[in-house]
Amino acid sequence: MTPSASTANSATEFVFSRTFEASREDVWNAFTQPEHLKHWWGTPGSSIEIARHELKPGGMFHYSMKLPDGRAMWGRFIFREIAAPERLAWLNGFSDEHGGLTRNPWVPTMPLETLNTLTLAEQDGKTLLTITSVPFNASDEEAGVFSAGINGMKMGFGASFKVLADYLTLTKQKGENVCK
């Protein structure tokens, strides 16, 4: 499912890539299975509690993230496209405990939702992960705030994907199989 130009603003596109020392299937499973997501998703140092996880088009990943300072916040994905193990697209936003959309608690003028597309490409036993994010149904002001926040998003995804890399390495060292 590809968004129409009227719903996603590709002029304010955020793209982030990282190569992982893991198979494409391991990275896919770490990104799509709740038993793995809870170990790495979110802000480093936070803990995740998964309220709902339905990996299907229209399904929801709904979670609570407890931050190191004790505050909790909710987030959600609405899956749009699932092409295992190479492509995943979802609408991402902050939410309340019931899964309803809410504003970003730190930057209320950010778009309510972003359309994220994840691609995984195998390269000599490693995996190149690329994530692209664009504002979805955003006003011009919201798209501008999104664009102005791209450096912060780079730092945030960089930190989260470092935790993912460490998790993949740890599971490999323990002899655990992320591919199930």
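Helix H4 gives the most residues to the lining of the largest pocket, six in number. The model is a predicted one, and the pocket holds about 890 Å³ of space.

**The largest pocket**
- The lining counts 32 residues, and those nearest the pocket's centre are Asn92, Phe94, Asn104, Met153 and Phe157.
- Two or more lining residues come from each of strands E3 (60–66), E4 (72–83), E5 (87–95) and E7 (113–123), and from helix H4 (150–173).
- Sorted by class, the lining has 18 nonpolar residues, 13 polar ones and one charged residue.

**Helix H4**
- The 24 residues of H4 should span 34 Å at 1.5 Å a residue, and the model agrees because the end C-alpha atoms of H4 are 34 Å apart.
- Buried residues of H4 are Ile150, Met153, Phe157, Ser160, Phe161, Leu164, Ala165, Tyr167, Leu168 and Thr171.
- Just after H4, Gly175 adopts a positive phi of about 80°.

**Confidence**
- Mean pLDDT for the protein is 92, with 92% of its residues at 70 or more.
- Among the elements, E5 has the highest mean pLDDT (98) and H4 the lowest (94).
- Residues 1–6 have pLDDT below 50, and this stretch makes six contacts in the model beyond near neighbours in sequence.

Note on methods:
Residues are numbered from 1 along each chain as its sequence is written. This is a predicted model: local features need pLDDT of at least 70, side-chain atom pairs count only at pLDDT 80 or more; totals for chains, interfaces and linings use all residues. Side-chain values use heavy atoms; hydrogens and water are left out. On a 1 Å grid over the protein atoms alone, a cavity is a set of points where a 1.4 Å probe fits but cannot get out, and a pocket is an open set with protein on both sides within 12 Å along at least five of seven lines; lining residues have an atom within 4 Å of a point. Grid points are joined across faces, edges and corners, and a volume is the space filled by probe spheres set on the points. Helices (H or I, at least four residues) and strands (E, at least two) are DSSP runs, numbered from the N terminus. Ala, Val, Leu, Ile, Met, Phe, Trp, Tyr, Cys and Pro count as nonpolar, Asp, Glu, Lys and Arg as charged, and the others, Gly among them, as polar. pLDDT is the predictor's confidence in each residue, from 0 to 100. Contact means heavy atoms within 4.5 Å. The expected span of a helix is 1.5 Å times one less than its number of residues. Buried means under 20% relative accessible area, exposed over 50%, partly exposed in between (1.4 Å probe, protein chains only).
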